[in-house]
Amino acid sequence: IALAHAALRNQDKPTARQEAQFARELATDSELAVLTQAQVLERAEALNTVQEFLRTHPNSQEIQLAYGTMLIEDKRLDEAKLAFLALLAQQTASQAPTASTLYAIGAIELELGKTESAESYFLRFLQVITPNIDPSNAYINLAQIALQKQDKKAVDAWLAKIDYREGKNPVWMKVQLRRALLIANDRGAGA
């Protein structure tokens with residue numbers, strides 16, 4: 001695996017493929033070997049490799065996450081949703097679901113136009129996040145859903161939750177400008 005990564009860093013893809021294949025042969029159940037091999041293969045081959053591993057190792061959360069992410073990157077959102085729902089079911093059975101899984105499903109649902117479901121997942125995301133996770137994107141997505149519902153008060157309430165974080169939040173200024181425009185539009189419409 002280390003040799004495959006070293007070959008990748010040196011942009012020697014044939015050697016990386018060879019080393020990744022050798023790693024898979026040595027450790028057929030290794031998630032890291034599968035992920036490494038997927039990294040060096042062409043996209044279709046990588047998806048097939050990951051799918052095949054999931055057929056024989058259906059409880060592999062790391063591979064399920066990688067598979068869902070690959071499907072999102074390929075704009076195969078319905079399939080990605082199923083992959084992340086499978087991951088969520090695994091996480092729920094073994095522990096609490098992770099914030100990233102809930103957020104991913106919410107984002108997929110929003111992209112698919114399923115705002116009610118997206119809203120539910122974003123709200124669940126907000127319930128499970130830890131202090132080191134920035135909720136700004138969830139707030140923005142919830143504001144977008146509220147805007148689609150034409151609920152300007154909810155839009156403002158969600159955007160108001162975005163924290164400045166001592167200047168470390170790059171979206172804060174844009175959000176404040178958006179809030180100001182919404183308020184100005186409301187006042188202009190009410191006049």
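Predicted model: local features only at pLDDT ≥ 70, side-chain atom pairs only at ≥ 80, totals over all residues.
Let me begin with a definition: a residue counts as partly exposed when its relative accessible area lies between the buried limit, under 20%, and the exposed limit, over 50%.

I shall discuss some of them in turn.

Consider R17 and E45, which form a salt bridge with their closest N and O atoms 3.3 Å apart. R17 belongs to helix α2 (residues 13–26) and E45 to helix α4 (residues 43–56), so this pair ties together parts that are 28 residues apart in sequence. R17 has a relative accessibility of 30%, so this residue counts as partly exposed. E45, with a relative accessible area of 34%, is partly exposed as well.

We remain in helix α4 for the next pair. E52 and R55 form a salt bridge, with 2.7 Å between the closest N and O atoms. These residues are 3 apart in the helix, which means that about one helical turn separates E52 from R55. E52 is partly exposed at 43% relative accessibility, whereas R55 is exposed at 57%.

Next, the side chains of K149 and E119 meet in a salt bridge at 2.8 Å, N to O. Here K149 sits in the loop between α9 (136–148) and α10 (152–160), while E119 is in helix α8 (residues 115–128); the two are 30 residues apart, and their pairing links distant parts of the chain. K149 is partly exposed, its relative accessible area being 41%.

Finally, I draw your attention to R43, E73 and D74, which are joined in a network of salt bridges.

Key: Residues numbered from 1 in each chain as written. Heavy atoms only, no water. Salt bridge = Lys/Arg side-chain N within 4 Å of Asp/Glu carboxyl O. Helix = DSSP H or I, 4+ residues; strand = E, 2+ residues; numbered from the N terminus. Buried < 20%, exposed > 50% of the residue type's maximum accessible area, 1.4 Å probe, protein only.
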